[in-house]
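Dear colleague,

I am passing on the structure below, and my notes on it follow. Please read them with the model open beside you.

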Amino acid sequence: MALTGRTVPWWVRLRRPCSTAALRGPAVWQPTGLAACQRFYSARDKEKIDMSAYPVESIRNFSIIAHVDHGKSTLADRLLEITGTIAKTDRNKQVLDKLQVERERGITVKAQSASLFYNYKGVNYLLNLIDTPGHVDFNYEVSRSLSACQGVLLVVDANEGIQAQTVANFYLAFEAQLAIIPVINKIDLKNADPERVEKQLEKLFDIPVDECIRISAKQGTNVEKVLEKVIEKIPPPQFNTADPLKALVFDSTFDHYRGVIANIAIFGGEIQKGHKIVSAHTNKRYEVNEVGILTPDEQPTHKLYAGQVGYLIAGMKEVTEAQIGDTLFMYKQPVEPLPGFKSAKPMVFAGMYPVDQTEYNNLKSALERLTLNDSSVTVHRDSSLALGAGWRLGFLGLLHMEVFNQRLEQEYNTSVILTAPTVPYKAVLSSAKLIKEYGNSEITIINPAQFPDKHSVSEYLEPTVLGTIVTPQEYIGKIIVLCQGRRAVQKEMLYIDEQRVMLKYLFPLNEIVVDFYDALKSLSSGYASFDYEDAGYQAADLIKMDILINGNPIEELATIIHNDKAYATGKFMCERLKDAIPRQLFEIAIQAAIGKKIIARETLKAYRKNVVAKCVVWWRHYKKNEAFKKTGRREEADEKNWQCGSTKRCLHTCFKETA
């Protein structure tokens, strides 16, 4: 009966409506009314928004583009506050930077979108904002984001002026024929010079001075004028709700409970829960479970209409089902697929292996989910005698590789071994046997272990990039020397104004991928900026250099380099390995070899005990005494004997102590 007495009130409490008075705990987090009885496990419990109140004419889709650290995320925070999307607090910093790696490094890695509601001159507008990365390694994120927009905010630092990535992002928007609104940020800084920046914009991009908006995103100065310009200058999307459904998947994430969440831009028609849709890429059919907008959290809506940007959940359980650039259309209403995106070209390749081979399947699952979120990473299976089964991954740059590795550790709790980064080379084969084996006369080499011998190749090709350097003029001499040392060819030199110069060089990619950016920043005291774009392949005198440990080649340490830099690189690698490898009870020979020729060597001495070390000391004393006696310097000889004793006693003691 005691058990029944406890059970009855429990069931009674379940049937009664909840009241705020019944809740116990701090008043800070107490919900009120119906919310007191609910726990929001997903966005399905939130009140849905009616998006039909925003026709195409009142929609503006725009991105924020800029160089690194020019204030994109800070400006996005102020825009969210002004439109009432988020509450105004001192803690609003990098609200759209949701990843842990973004907050730790202070950079934007992933483009994030948010829908803003703003009333201007009595009309309610829907503004779809996309905050993009600023580093060159994440340029692919910018190009994808621009496909869902009709305009951009080009943000420039009033202190630093136009930088290399500013130039690259401007031309991305210009080629996409988007409306460009120039915004000069950080006018509150002591050394800000907005007049100089306006002249730079006019000279480089032909943007009139009177079109520039001067703001301070940190303090919120003049930010509301940016919203007004967005409504006035950026055109609404030219799509029709009456057309058949045509939705572009421009981003996607994976949720462990709801599967794939696809970010979509609707180019025609409308979509709602219950609709049957088909993927143009996989030709699979799905039923829509939920649609909504990002504010910046997921906010469900009844429908999404043409011109709007939002998210869609349709029961996609496999990461391969939501391809970025895919087109979604209504079942039995096929449409012409959208062109999608130009695939990203990997610039850096590295081998990735699990620390423990038992974690192979877990790492495979983590890679699949993370590459869904970052489609610019290419994955090829690979194996190594020393490290076991793994993958050869292609990245857009070194920072991209570091961030990807950090996200694997933080989001999926996996530890991996990364090999040294390499770039993709090409070889034109001359051997008929190899041409038949590969099925082509030209092959791409992403693993140095697969580098073909010189006698079977007519020529080797290395990737090149067109690099843009923006620097103060006092550092020009040092930077030109640095570029010449990296086998670069100067293409252009342009003075942006009296103080800043833009240099364009054709670089071999292998020369800049590791430490060029650090060296450039060091030479210019941090003022120079660097950006690059693919420039194809050119012929080069390439060789494969092997690293031998006690005569055994280590496949993971093999590298492809230019013939002129073989000796210096080989010596450097041997010295680094000598410092990295722990000493053993045997001697270790570290060698760099090209074919059968050894070009550099370092020897790691073995641990040992020198048992005759003391004998050597006494023997030297004995020889000195004998020399003094022969020259007649008896007093000095006696003094030495007094210091170390007789020779016989010295030797006797020495052997006794070391025996």
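At 49% relative accessibility, Y607 counts as partly exposed, a class lying between buried (under 20% relative accessible area) and exposed (over 50%), with a 1.4 Å probe and protein chains only. Y607 sits in the loop between β31 (597-604) and α15 (613-630), where helices (H or I, at least four residues) and strands (E, at least two) are DSSP runs numbered from the N terminus.

This is a predicted model, in which local features need pLDDT of at least 70 and side-chain atom pairs count only at pLDDT 80 or more, while totals for chains, interfaces and linings use all residues. Residues are numbered from 1 along each chain as its sequence is written, and side-chain values use heavy atoms, with hydrogens and water left out.

V136, by its 14% relative accessibility, counts as buried, and its place is in the loop between β3 and α4. Leaving aside neighbours within four places in sequence, V136 is in contact (heavy atoms within 4.5 Å) with Q165, D531 and Y532; the C-alpha atoms of V136 and Q165, 29 residues apart along the chain, are separated by 6.7 Å.

There is also an open sheet of 6 strands, in the order β2-β3-β1-β4-β5-β6 and with mixed pairing, two strands being paired if DSSP finds at least two bridges between them. The strands β2 (112-120) and β6 (213-214) stand at its edges with a single partner strand each, so one side of each is left without a neighbour in the sheet. Strand β5 (residues 179-185) pairs with β6 in the parallel sense over 2 bridges, and the bridge partner of I184 in β6 is R214.

Best regards
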